[in-house]
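These entries record what I looked up in the structure, one topic at a time.

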Amino acid sequence: MKKLVCVGACYLDTILDVPYYPGEDSKLRATNLQVRRGGNCPNTLEVLQQLLGEQEGGRVKPYLISCLPDADAPATATIVDSFRPRCLVDFTRCIFRAGRSEPASSYIIRSEATGSRTLVNYNDLPEMTIDEFKDVASDVGDDAWFHFEGRIPETTLQCIRYLRQSFPKTRVSVEVEKPGRGGLEDLAAEADVVFYSRSWAESKRYQNAQQCLSAQSGLARNASLLCCTWGSDGASCLSLPSQKAVSCPASFPGQTISVVDTVGAGDTFIAGMLFGLLCHHEDWDTEKQVQFAVQLATLKVQQDGFDGLGAEVLKRL
């Protein structure tokens with residue numbers, strides 16, 4: 001069985017829906033409140049386990065490496081329970097911070113007027129060190145796939161280089177997401193697959209996904225595949241061995257997309273791509289993988305949360 005290990009932060013999200021984004025020092029009543037588990041890698045794993053659960057036979061075992069509160073803390077139980085009742089994710093490689101009761105938290109304000117979402121994060125948990133990563137990753141073994149969120153690039157780079165040296169057959173994917181975060185291109189240069197966000201690409205003054213991938217192809221020297229999402233324009237991928245570029249729109253002429261919730265759309269796209277790369281690398285080409293991932297992300301933005309996405313998208317294959 002293949003192993004997929006996702007490395008990144010896990011949050012508890014508090015989401016407030018408001019009629020419009022409030023001005024500074026103003027007061028506004030929210031129209032709805034949700035509290036749910038978030039974080040890039042946990043979101044990706046929630047969707048991926050749905051896809052894996054819909055297929056016959058276990059092809060991939062998913063793991064999460066994340067810094068969490070004390071193993072006995074109620075917040076930790078809430079996080080683990082969020083993957084149930086059909087939990088496939090292994091949490092035994094998580095790093096539990098003894099004596100800590102509060103998780104990393106994210107507060108999201110969603111404007112009904114514009115569809116914008118504004119995030120404020122707070123994380124008091126000590127970040128993972130390279131030695132901690134070695135301890136929890138060393139027994140996963142060779143021939144695994146490690147996916148990194150791309151936070152704390154200095155440590156992440158050490159983690160990737162450790163994997164390259166200790167487990168040469170390991171495949172590595174990384175997210176290049178947050179604008180202004182230094183060191184992300186260094187991570188891309190070490191990875192096999194790179195996922196670029198639109199916000200990061202625009203911060204580099206790229207006008208579209210294709211331009212981003214073309215420019216970055218000269219920097220991601222070890223990569224075989226580069227991907228870039230672009231909101232309502234869907235996503236593009238570039239296969240570096242063949243130099244074949246593939247683009248897929250989020251919608252087609254005559255199709256109406258009613259956007260409900262964009263939180264986690266990029267994470268959902270990554271889940272779709274990882275599913276294609278790990279479970280359908282022999283029978284799906286890159287174009288099919290991208291189409292599937294875009295369709296999955298498009299379904300996601302039309303609903304709140306992630307429930308039922310796996311079954312729905314696989315029905316449409």
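This is a predicted model: local features need pLDDT of at least 70, side-chain atom pairs count only at pLDDT 80 or more; totals for chains, interfaces and linings use all residues.

**Entry 1: helices H3 and H4.** Helix H3 covers residues 130-137 and helix H4 covers residues 153-166. I noted an angle of about 40 degrees between them, with their axes 9 Å apart. The two helices are therefore oblique to each other. I recorded the crossing of H3 and H4 as right-handed.

I then listed the residues in contact. On the H3 side I found Ile130, Phe133 and Lys134. On the H4 side they meet Thr155, Gln158, Cys159, Tyr162 and Leu163. By class, the residues of this contact divide into five nonpolar, two polar and one charged.

**Entry 2: helices H1 and H8.** I turned next to helix H1, residues 40-53, and its packing with H8. Helix H8 spans 265-279. The angle between H1 and H8 is about 50 degrees, and their axes are 8 Å apart. H1 and H8 are therefore oblique to each other. H1 passes H8 in a right-handed crossing.

From H1, the contact is made by Asn40, Asn43, Thr44, Val47, Leu48, Leu51 and Leu52. From H8, I noted Asp267, Thr268, Ile270, Ala271, Leu274, Phe275 and Cys279. The contact of H1 with H8 has nine nonpolar, four polar and one charged residues.

**Entry 3: cysteines.** How many disulfides does the structure hold? I counted zero disulfides. Cys10 is in no disulfide, and the nearest cysteine sulfur, that of Cys94, is 7.5 Å away. Cys10 counts as buried because its relative accessibility is 2%, and the cut-off for buried is under 20%.

A disulfide requires the sulfur atoms to be within 2.5 Å. I also noted that Cys41 is buried, with a relative accessible area of 0%.

**Entry 4: backbone features.** I looked up a cis peptide bond, which runs from Arg84 to Pro85 and has omega near 15 degrees. Pro85 is placed in the loop between helix H2 (74-81) and strand E6 (95-96).

I then took up two residues other than glycine with positive phi. For Ile152, phi is near 50 degrees. Ile152 is in the loop between strand E9 (145-148) and H4, and it is partly exposed, with a relative accessible area of 30%. For Arg205, phi is near 70 degrees. Arg205 is in the loop between helix H6 (198-203) and helix H7 (209-216).

**Entry 5: Ile257.** I located Ile257 in the loop between strand E14 (244-248) and helix H8. Its relative accessibility of 24% makes Ile257 partly exposed. Setting aside residues up to four places away in sequence, Ile257 touches Ala250, Ser251, Thr298, Val301 and Gln302. I also checked Ile257 against Leu296: they are 39 residues apart in sequence, and 13 Å apart from C-alpha to C-alpha.

**Entry 6: Val120.** Which strand holds Val120? I found Val120 in strand E8, residues 117-122. Val120 is exposed, with a relative accessible area of 51%; the cut-off for exposed is over 50%. Not counting residues up to four places away in sequence, Val120 touches Ser105, Ser106 and Tyr107. Val120 and Arg100 are 20 residues apart along the chain, and their C-alpha atoms are separated by 21 Å.

**Entry 7: Glu177.** My last entry concerns Glu177, in the loop between strand E10 (171-176) and helix H5 (184-190). Glu177 is partly exposed, with a relative accessible area of 33%. Leaving out residues up to four places away in sequence, I listed its contacts as Asn40, Leu184, Ser197, Ser199 and Trp200. Asn40 is also one of the H1 residues in the contact with H8. Between the C-alpha atoms of Glu177 and Asp283 I noted 29 Å, for residues 106 places apart along the chain.

Technical notes
Residues are numbered from 1 along each chain as its sequence is written. Side-chain values use heavy atoms; hydrogens and water are left out. Axes are lines fitted to C-alpha atoms, for helices over the stretch in contact, and angles run from 0 to 180 degrees between N-to-C directions. Helices (H or I, at least four residues) and strands (E, at least two) are DSSP runs, numbered from the N terminus. Angles under 35 degrees count as roughly parallel, over 145 as roughly antiparallel, 65 to 115 as roughly perpendicular and the rest as oblique. A crossing is left-handed if the near helix is turned anticlockwise from the far one by less than a right angle, and right-handed if clockwise. Contact means heavy atoms within 4.5 Å. Ala, Val, Leu, Ile, Met, Phe, Trp, Tyr, Cys and Pro count as nonpolar, Asp, Glu, Lys and Arg as charged, and the others, Gly among them, as polar. Buried means under 20% relative accessible area, exposed over 50%, partly exposed in between (1.4 Å probe, protein chains only).
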